[in-house]
Every structure is written in C-alpha cells, then in structure tokens.
Amino acid sequence: MTADEIEEYLAPMRHEYADPRSLILPALRYAQGEAGWLPPASMSAVAEATGFTEAYVESVASFYDRCYLEPVGRRVLNVCVTLSCMLRGSDEIFDHIADYLGLDGEGTTGDGMFTLQRVQCIGACDRAPCLQVDSGEQVGPLEPADATCLIDDLRDLPAPERYER
Amino acid sequence: MADQPRTLMTLTINGQVVQAAKGTMLVDAAAAVGIEIPIFCYEPRLGAPIGACRMCLVEVEGMRGLQTACSTPVAPDMVVSTDSEVAAEAQDGVLELLLANHPLDCPVCDKGGECPLQDRTFRFGPGETRTLEPKMHFPKPLDLSPLVALDRERCIACFRCVRFSQDVAEDGHLTFQERGDHIEIATASGDPYEGRFTGNTIDLCPVGALTSNPYRFVSRPWEITNTPSVCAGCAMGCNIEITTRDNEVKRLTGRPEPNMAVEEGWICDRGRWGYPALRGDDRLPGAVLVDGVGRRSVPLERALGVAADMLIPHEARVGILLGEVVTVETGFLAMELGDRVGAAPAMVRRMGIPGDGLGLMRALPGAQMDDLDHADLVLVLGGDPCSQQPVAELRIRKARRRGVPVVVVGPRPTALDASCEVVRTAPGQMTDAVVAIREHLDGTRRAIVLWDEADLAAEPGAAEEIARAMAVTEGARAIEMCADVSGPGLRALGISADADLLEAIEAGGIDVLVTISADPTAGPAGDRWAAALDGVGTIIEMASYRSGLTDRAALVLPLLTPLEEEGVLVSMAGRAQRLRPGAREAAGAAAAWEVLIGITHRLGRPVPDRTPAQAFARLAARHAPFAGMDYGTLDREGAVIAAAVATPDPRRPEAGGEGLVIVPCTPVFGDATAHRSDALASVREPTHVGLAPVEAQRLGVRTDSRVRITTPHGEAVLPLRVDSRLHEGAAYLVMGDPAVRAMHLLPVDRGPVRANVTAVAREDVVT
C-alpha cells in the first residue's frame, strides 16, 4: 500500500476532520485492508499520507486492539468476554474454540487460517454469548456446537479481497 | 510587548482571597499564595495543560464533579477548595491508582529522595496500600539510548517526556505505545532515543522512569550538593546545576528554577554529559617546570614564584593570550598583570574572531532569548544554532509554533530546514540573500535577528548591508551567535582578537608569552603560530588540558575548568551570569584568577583583590558595559551588560587560496569536551570534511574515504562524509576534536579561504 493510494482514499473525507490527527485511524484501517495487518511499510505509508511521524502513527496503532502490528490469521475470531457474555458462558465458548483449533489460549493457528482473541464489549449483549468475525457479522447467542459449525464454514471460504478489521 | 492589559480576577482558594490574571490556571494562582496543589503532568514549558495524571483534582463551588486545577483557568468569584474532604479523598484515590502498578522500589531507585512521586505520596497520599493484586512486571531497565535508561514499571504515564519530544524538541521520536496498564514509552520500532536534547526528559520525569545512564547508582540525594552555575559549552549561557559528591562532579542538570530569559530550563546533551571530561586522560594534574635541570613537576606555590621571575625582568616584552573559554575576571586580571610586568604594558589579546567588519551589526539594539517569544519574525543569518548553540534551536522552534515566520539564511543545512523557510546561499555569498532579508524585514515591528559571528565576520560586506536594512526596520533587534564563549565578555573589557600579537611575535617583539586556556597552534593559522612561537624565549602555559603548547612551554600552570571555578561569563545575548564552583577535581590546579592574583603578589605588585567577587566589582567600576554590577546584582538570573561601542571598519577580506570555499562548522557535539567525555561516545561528531555528492564524484571519493585538504595556511588529512544537502563548490570543515588538527587551515582572522581537496591514495594513509 503506497502513501499515494492512502492519500487518494483520504481525499474525500479530509474536510470532515477538523484535527488532522483524526485521519490516522481511517488511514490505518484502510492500510490494514490490504494484508490484514500493518507491516512497517504500511505504517510508513500512513505516516507519509497523514503528515505525522512514524512513531506517532505507531503509537496510535498500538493503542487499538484491532490494529494488528503482527501478522494474524485469515479470519480473526473475536470472542466477547464482557459482563453479559461472560455470565452467559463466554469462557466456555472461548475454551471450546481454542480446543477445536488446537490453540493454547489466544493466538493464531499454524495454518494461518484463524486468530482467536478475547475482546471487550462488542455491543451485542442481547445475543450473549457473542462472537464477531473480523469487524463483520456478530454471531450469537452461541452454543459450543454453533461455534464449531461457524469455523468449519469459514475454513471453506476463500480469502477476502480486502480485510475489514 | 503587544500583550493585552492583564485583567485581574478575584477568587477564593481555601478561604483565602486571591487575585490572579485572566488565563492563570488554578494551580498557579494557588501556588502564588503558598497553597500547593499536587501535580505530575503539569509543566507550562511543554505547552497547554493536558490533564493527564488527574493528580490536581480540586473542588470548585458550582461546578459539577472535581476539576483539574492545572487546566481550569481562574474565573471571577470562583470558590475553590484544595483540601476539602472530597478533594483530599480524590487526591488519595488518584495516588492509589498511580501507585497500583508502581514497584515502590525507592531504596534502589536513582530518583529516590528527589522524587516528586515520593514527596507527594508522603504529603497527599493515603499512607497505606489496599492493593493485594500482583503488580505489572516488565524487564528493566531498558536502554532508551546509551544515555537514557527507561524503567517501565515506575512510569505513571504523565506524558511529559513524550510532549517534550513531540512539542518542544519536535524530534517526534518518543511516543506512548499500547494503553492502560500496558502503556509504555517507546520510539518507533525501538530505535534508540538519540537527539540533541534527550536528557531533558530525565529532568522532566516526575518519577524514576527515566534516569541518566552515566549517573546510574552513582549517588544518593543526601550525599550530594547541588550548585547553580552556567554551562560554558557554548555562548548560549544556559543555567545549570552541578551535582557534586566527594569533590567530584557527578551530574549536570537543567536548573530547577530556570532562567526564563535564557534557556528556560532546557540544556543540550553535550552540556549535560560533558562533565566526565574533567577526569579525562589529558587533564593537567599539576605544575610542570622545564629548566636547566630538566622537565619536572613542581608545587603550584613554587610555580607561581617561577612565573613571576620569568615575567619580572624590566626589559621583557610580554604577550598574554586568552582562550575561548575564560571568565571576565580572568580577562581583567590578565590586563592587571599585563600592567605590572616587564616592559609594561603587555599586549593582552584573545583568541577568536577580530570581527573588524561587524561594528554596524554590533551597534544594533540587542535582544534576549525570551524576546523571541514576542517576535513577529525570526531571522537566522548564517551559522547553525542547532549544532553550535543548541538550546537556541528550542527557542526558535517555540517561536515558530506560535506561527511566527522563521527564516533560516546561510550555506549550511540545519535541523530547522524541515519546518522553517530556508534561503540557502552559496558559501561566502550571503550578499545574495540581502534582498530576501529586506523583504522579510519589511513591515515587521518586533523582528529578532540571530546572526552568526563567524559567518558575517567573513562577509563584512553582507554584514554591513544587513545592518543597514535592520537599522531602518522599526523594532528590529539582534542577537549575535558568538563563536567563542569568552568573546562577548572579553570584548566588553576592550580585549581585542587582533592578529597584531602574532605579528609582534613574528617580528621578534615578544620575549615572554603567557597563554591562558589558549593553544593558538590548534587555532586558525596554527602552523604560522607554531613557527612564530619558535622565536619566543619563554612560554608560560596556563591550561586545564594538555595541548600542543604543553611540550613547548617552559612552565605549565594547571587551571581549574569552568565547572570548578568562580567567575562571570557573558552570554551571546550580553547576559553576565555567575559561574559557581561545583568541585575542585584537579587537586594541584587553581582557578585562573587565583593564579593571576598569586603572580601579581610574587611580582611584589599585588592587585587589591582577594576574591573573584572583588575583582569583578573593580572591573565593573572601570569598564562601562558592566557599570553598576556586582555579584549580588547578578545573583541567579544575571544581568545584561551595556553594548560596547564598536567602530565599523570597512575592511573586506578576500578568500585566499583556490579550489573549494571552506565552510567552517563547529558543532558543540564535536568539540573538545564532547571528545573527552566517555558518556558522549555514541553521539559525538568526528572532525571531518563534508562534500556535496557532485564534488565527491569529481574526486572519486565517497563517505569514509580520506581526503587531503590544503589551504595557504596548512594541510590536513581528514575523513570524508558525502551529504546531498551540502552546497556544491564548498568543503564543509567540521572541527573540534582536540586530537585532530583542522582549525589551522583557516586564516588567522578566521576569514574566508579556499581549499584544494584531493583524494588520498591508500598507501598515503598513516594509521
């Protein structure tokens, strides 16, 4: 992803942000769409396109759980562990998925297909316990068996053209 | 000043009626009447308050919830309580949270004993912990750079260091990464935090998270004494504090009560970590006498008598040469000595730039560094403040952040180029920029012009035109970026840097030469000096460090350094400030003023002074620029001397030699102290030649090749750096390492000169 491409993407929205620092987040999200994470080259491109230093852009990116500074799997499974989900059994769901994927807690599968992580409230308490794939569909309420089916379905899908995370 | 008239507001703090100007923050209004509101992140020098640490919560009647006193401005009839039950409970709570992950390892922490977190916890904290949960642990300490150590466990995320890096030094290196209890100070991708000002983050850190590597575990606060003094590293005159333990200088810091008219509490890393030079290998430990018996050490007391004997013969013609870093008292007493020796009066001269063509520039109204805060234009003419007077860079950046146009004119690339308007001139062609300078000055009312002594002295034509343009600009004032630390002070005493002393020596007119912290053989036209000195019967060298003269001198008198002596230095803005001795590391050495007074006593014609304070009072009475001053009036802030009246001299030096124009560069990070101090090994700048790529190509050389550089005044073989920012047709001569001669390539008046640069064949290189 080049700085020019990011600048082109930002051009129509620049006027919406009074403080140019606010452009960093949409720029990061757009850059992350290419590889699913933010390699150093993407971070430099964002820095160049937004006019901030790389250190500053990295500082912003590191603040957000969903900006990935390390490579992650083709799909990121976000298991909500905040109050409603936790009371309705998110620990069990998490452990079940980890078992099924052969992971020891949070992490990425050896085939690079899935990354499993705990996240804080995703605003789906009415469907607790809930899981979100990347920044897409929220699936819930979940039974362990549903999670297994979901993972099998996802495994068969081709890699997305752009990662929405 | 164009400030609005200050509107006073009346409010009540803890039942006390307080008046404060509009815009004052509550924390300052309270401090003004002696009420302490605890703070960690608040630091006005870093810009607008950010309310990050939440320590300063106070109760304000009528406002919902508690307010941060650091970011709440005073308002009429406000009723504030800083010690009510609610406020005290909140302060307790904030401290408890700040300490939740703090390791409380005060007994092994360098900050312990002088730590705001420790002090405020005692004063405002809960007194006991309720925390049962395990604390966060990180590997520690991490080297943020070879000079700055980071302990992540102790950090309370106050953002002071990050704001310094982002908003004051503007290097953009330091940021916070992650968030919450994982938050940590870091640079992009873990590069070392290196720059010219990194040490200020240590002074700013209100906890023990950032500490000085060279000072690590060196002393505890109850074993040290702190002495306010002034840095003699460049002509900026930054106020510092010297930390001493067991008669050794252990640390230098910015002064806790900054001189806002000079450095605002910031100092550069060269100033901060130059002190190990005091214990360098080439420090002169004691007096040495060379006579019929041979070369031997003698006690200083006896050496003073020998010096007097050498100076007493009434027919002896004496010259006294003062170096680039001596106090005004030393200059004054040298003149007093000169009146008492041989065929008096002696010729008393200083090393430095004669500056004959600078009369008009020097006659312009002067300014102080804090006038930059109110300027409507900042012009930098020649030189490179970023490398030669580093803290000036911070004040220039501060002006630019206010939106003031900053224009940098000259042949050198500077660190200001990226953020300021640049008028790049060909070396030696500052005249080309005069039209642009006039245009910028046009219509300004409070322009401040920082001009480089060395560059404009080499181009008196340009200096004259610029001075005339400034003279007709309303409100325009000047600050001279002096090449020498002692220049402004000694000039005010009427001591010239004229080459007539050298000419007199060459004509056989000097029998005894006394040098005071001066080695002319390492200075401009050093070869010519070296040859001339062969004809001097007796050389008496007074110096702190071994030099090219030490082996020639009949008598060597060891001197204390500016960190060890008392005296007054005059800054480039004309501010006379006091040095106070931190330690006396060379036991066999004495201050120059002591040595000079001692010699006059042994001559049988003593000066009346017994202390530098007395010498200063006497010189102030005799020399108009210092009128009315004494050590009392200088106190901590110093005082501005009256400008010495200078007469313009229309001499126009022409560049001698042929080939590339030499652009002399004297970065403080490349100076003798930087090379003597081990601490600065990772950031010091070697003596070298810089060439533009096209010149390097022409010679068939590249970075790290060695080149021979020849001028009519001498020759040197130096390493090369190719830099695309440099001007074609010029050789940038970066000097300062005392082990590598380079300054001798310049003419005696440091005027313009051209050099022949050639590639050095491999077999020519002497290693």
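Where is B:Pro141 found? In the loop between α3 (116–124) and β6 (142–143) of chain B. Helices here are DSSP runs of H or I with at least four residues, strands are runs of E with at least two, and both are numbered from the N terminus. The peptide bond from B:Lys140 to B:Pro141 is cis, with omega near -10°.

Some ground rules. This is a predicted model, where local features need pLDDT of at least 70, side-chain atom pairs count only at pLDDT 80 or more, and totals for chains, interfaces and linings use all residues. Residues are numbered from 1 along each chain as its sequence is written, chains are lettered from A and ligands numbered from 1 in the order in which they are written, and side-chain values use heavy atoms, leaving out hydrogens and water.

Now chain A. It has seven helices and five strands. Their order along the sequence is α-α-α-α-β-α-α-β-β-β-β-α. Its C-alpha atoms fill a box of roughly 45 × 30 × 25 Å along the principal axes. Chain A has a cis peptide bond between A:Ala128 and A:Pro129, with omega about -10°. A:Pro129 sits in the loop between β3 (114–119) and β4 (131–133) of chain A.

On to the interface. Ten residues of chain A and eleven residues of chain B make the contact, meaning heavy atoms within 4.5 Å. About 840 Å² is buried between the two chains, and carbon and sulfur atoms give 45% of that. Buried area is the accessible area (1.4 Å probe) lost on putting two parts together, summed over both. How many salt bridges does the rule find across the interface of chain A and chain B? One. The rule asks for a side-chain nitrogen of Lys or Arg within 4 Å of a carboxyl oxygen of Asp or Glu. A:Asp65 and B:Arg179 meet in a salt bridge at 3.2 Å, N to O.

Over all chains, the count is 64 salt bridges. One of them pairs B:Arg283 with B:Glu564, at 2.8 Å, N to O. B:Arg283 lies in the loop between α6 (269–272) and β14 (287–291) of chain B, and B:Glu564 in the loop between β25 (555–558) and β26 (567–570) of chain B, so the pair ties together parts 281 residues apart in sequence.

Last stop in chain B: B:Phe159. Its phi is positive, about 75°, although it is not a glycine. B:Phe159 is in the loop between β7 (148–150) and α4 (160–168) of chain B.
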